[in-house]
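Please open the structure in your viewer and keep the selection tool at hand. We will go from stop to stop, with a short note at each.

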Amino acid sequence: MPAQALSWQGLWLPPVSNTACMNPARSIQIPVIDSTRCTGCGWCVPTCHLHLLSLQAQGWRKFSTLHDADRCVGCRKCEVHCPFGAITMAPAMTGA
Ligand code: SF4
Ligand code: SF4
């Protein structure tokens, strides 16, 4: 089945590979958060249905942080919803 555009809570999401979540070698992309762009607004946190993102304090600022990266399915919801372009997707460094 070809990749398809998705709708999530009325918002358009870009096409996502159907095989991304099923590949045991985890040849998927996971979010990388640019702390120089992250404002700590928290918009990305509730977009992750697996609850893998949270705000973490570093000094007087807060930044979004990815936890348990091995569970990330690369759905890109967090990337799409970041209003500041602080999240980019990069190949997962873990897996078989
Ligand atoms: S939505 Fe973007 S700017 Fe806001 S906390 Fe998440 S990564 Fe940072
Ligand atoms: S890509 Fe999807 S599963 Fe991974 S952290 Fe972002 S919202 Fe969660």
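**Before you start.** This is a predicted model, in which local features need pLDDT of at least 70 and side-chain atom pairs count only at pLDDT 80 or more, while totals for chains, interfaces and linings use all residues. Residues are numbered from 1 along each chain as its sequence is written, and chains are lettered from A and ligands numbered from 1 in the order in which they are written.

**Whole protein.** Show the protein as a cartoon. It has 1 helix and 6 strands, in the order β-β-β-β-β-α-β from the N terminus on. Helices (H or I, at least four residues) and strands (E, at least two) are DSSP runs, numbered from the N terminus. Of the 96 residues, 20% count as buried. Buried means that 20 or more other C-beta atoms lie within 10 Å of the residue's own; exposed means 12 or fewer, and partly exposed is in between, with C-beta atoms placed from the backbone.

**Ligand 1.** Select ligand 1 and the residues near it (C-beta atom, placed from the backbone, within 6 Å). There are 13 residues around ligand 1, and the closest are Cys38, Cys41, Cys44, Ser64 and Cys82. By class, this shell has 9 nonpolar, 4 polar and no charged residues. Here Ala, Val, Leu, Ile, Met, Phe, Trp, Tyr, Cys and Pro count as nonpolar, Asp, Glu, Lys and Arg as charged, and the others, Gly among them, as polar.

**Ligand 2.** Now select ligand 2. Which residues come nearest to ligand 2? Of the 15 around it, they are Cys48, Cys72, Cys75, Lys77 and Cys78. Strand E3 (29-33) and helix H1 (77-81) each supply at least two residues of this shell. Its classes are 11 nonpolar, 2 polar and 2 charged residues.

**The core.** Select Cys38, Cys44, Cys48, Leu53, Cys78, Cys82, Ala86 and Ile87: these 8 residues are the largest nonpolar core. Such a core is a set of buried Ala, Val, Leu, Ile, Met, Phe, Trp, Tyr and Cys residues joined through C-beta atoms within 7 Å. In soluble globular proteins, nonpolar side chains tend to be buried together. Next, pick Cys78 and look for its contacts (C-beta atoms, placed from the backbone, within 7 Å). Not counting residues up to four places away in sequence, Cys78 touches Pro31, Cys44, Thr47, Cys48, Leu53 and Ile87.

**Glu79.** Move to Glu79 in helix H1. Is Glu79 buried or exposed? Glu79 is buried because 22 other C-beta atoms lie within 10 Å. Beyond residues up to four places away in sequence, Glu79 touches Pro31, Ile87, Thr88 and Met89. Glu79 and Ile30 are 49 residues apart along the chain, yet their C-alpha atoms are separated by 9.5 Å.

**Two positive phi angles.** Most residues other than glycine have a negative phi. Select His51, in the loop between E3 and E4: its phi is positive, about 60°, although it is not a glycine. His51 is exposed, with 11 other C-beta atoms within 10 Å. Then select Asp68, in the loop between strand E5 (61-66) and H1. Asp68 has a positive phi near 50° and is exposed, with 9 other C-beta atoms within 10 Å.

**Last stop.** Leu50 also lies in the loop between E3 and E4. The C-alpha atoms of Leu50 and Asp68, 18 residues apart along the chain, are separated by 9.9 Å.

Conventions
Contact = placed C-beta atoms within 7 Å.
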